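Q: Please take me through one part of this structure in close detail. I would like to follow the charged side chains, pair by pair, and then their surroundings.

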Amino acid sequence: MKREYGNDIFYHYTDFQALDGILRCAQLRVNNVLNMNDAAEMSHFMRRLCSAVVKRLQDDGQQEKAEEVRKLFQEELKKEFFYSAYAACFSFYRDDAAQWERYGNRGRGVCIAFSGGLLQKMAEGDLSLHTVFYQDDMTDHYLVKMLYRLIRDGAELSGENPDIKSVMNEAWIRSVVFKHPSFSSEHEVRLVMYPYEKDCFDVKPCYHVTKERIKKYYPLDLKSMCREIGVGLEDLISEIIIGPESTQSVSILQDYLRDHGLHELAGHVSFSNCPLRRPPA
């Protein structure tokens with residue numbers, strides 16, 4: 001059953017450069033999930049799925065089939081980069097210490113409040129909106145049951161088998177919204193794109209070059225997305241919170257907003273109340 005986010009507010013923790021991109025350029029970046037802070041992103045779900053199917057087969061005394069499943073998933077995990085999705089991440093938590101540390105430039109950035117209901121309306125076509133699940137035990141997951149049923153019915157355990165390939169494709173899609181339980185405090189929501197699903201993807205990739213590496217991302221046109229559903233940027237974004245360790249002047253940020261036509265949003269700028277303090281060096 002699809003979750004409705006009508007009155008929910010999602011909080012996006014980021015730095016001031018990203019804030020400028022979102023507000024002045026009306027562009028929201030979705031980044032490769034494999035570059036995010038969970039080192040087991042996507043592969044965690046696939047490995048737990050494999051373990052659940054293997055255990056069920058072993059419990060049935062089908063050790064040989066269990067080994068075939070292990071080999072199948074070993075080969076599948078080699079395709080992780082091909083299946084990698086791109087996402088923009090939000091939290092249900094406002095002004096949260098852990099979020100400031102991990103995503104808000106260690107408390108020196110900003111937290112931007114987005115309307116969950118409007119993001120959901122925008123999440124059509126290439127985009128989808130999902131609440132992240134934090135889970136280790138996949139025993140009762142529907143994909144475990146699907147794979148087990150295929151194996152029981154004698155399906156060839158090969159990535160070339162159309163039925164197996166279909167299940168694996170669905171598994172990679174599901175993997176993007178499952179994370180290790182140790183990240184459960186983030187209470188995360190993701191706006192997700194799956195570029196590999198389409199032969200002709202209509203959003204062109206961009207590349208951000210730093211001193212250390214090159215990152216690939218897809219820019220979402222917020223003006224166009226807002227126009228599609230008949231709202232403005234200030235309907236989508238309702239508040240900006242300045243980080244607890246930031247030296248940003250409220251007045252200057254308000255001038256910045258007014259000078260870019262965001263007069264209403266300028267009245268909804270505040271400092272964090274989070275008592276986060278950086279440890280001495």
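A: E186 and K179 are both buried. This is a predicted model. The two side chains meet in a salt bridge, with an N to O distance of 3.2 Å.

A second pair is E188 and R190. Their side chains also form a salt bridge, at 2.7 Å from N to O. How accessible is E188? Its relative accessible area is 4%, so E188 is buried, the limit being under 20%. R190 has 1% relative accessibility and therefore counts as buried too.

These pairs belong to one network. Salt bridges with shared partners link E41, R102, K179, E186, E188 and R190. Over the whole structure, the search finds 16 salt bridges.

Now compare a pair with another setting. E67 and R70 meet through their side chains in a salt bridge, 2.4 Å from N to O. Both residues sit in helix α3. They are three residues apart, about one turn of the helix. E67 is partly exposed, because its relative accessibility of 34% falls between the 20% and 50% limits. R70 is partly exposed as well, at 29%.

Helix α2 covers residues 43-59, and helix α3 covers residues 63-77. The two pack at an angle of about 170°, and their axes are 8 Å apart. The angle is over 145 degrees, so α2 runs roughly antiparallel to α3. On the α2 side, the contact is made by S43, M46, R47, L49, C50, V53, V54, L57 and Q58. On the α3 side, Q63, K65, A66, V69, R70, F73, E76 and L77 take part. By class, this contact of α2 with α3 has ten nonpolar, three polar and four charged residues.

One more lysine is worth a look. K204 lies in the loop between β8 (188-193) and β9 (206-209). Is K204 buried or exposed? It is exposed, because its relative accessible area of 61% is over the 50% limit. What does K204 touch, neighbours within four places in sequence left aside? K204 is in contact with Y218 and P219. L220 is 16 residues from K204 along the chain, and the C-alpha atoms of the two are separated by 9.7 Å.

Terms used
Residues numbered from 1 in each chain as written. Predicted model: local features only at pLDDT ≥ 70, side-chain atom pairs only at ≥ 80, totals over all residues. Heavy atoms only, no water. Axes fitted to C-alpha atoms, helices over the stretch in contact; angles between N-to-C directions. Helix = DSSP H or I, 4+ residues; strand = E, 2+ residues; numbered from the N terminus. Parallel < 35°, antiparallel > 145°, perpendicular 65-115°, else oblique. Contact = heavy atoms within 4.5 Å. Nonpolar A, V, L, I, M, F, W, Y, C, P; charged D, E, K, R; others polar. Salt bridge = Lys/Arg side-chain N within 4 Å of Asp/Glu carboxyl O. Buried < 20%, exposed > 50% of the residue type's maximum accessible area, 1.4 Å probe, protein only.
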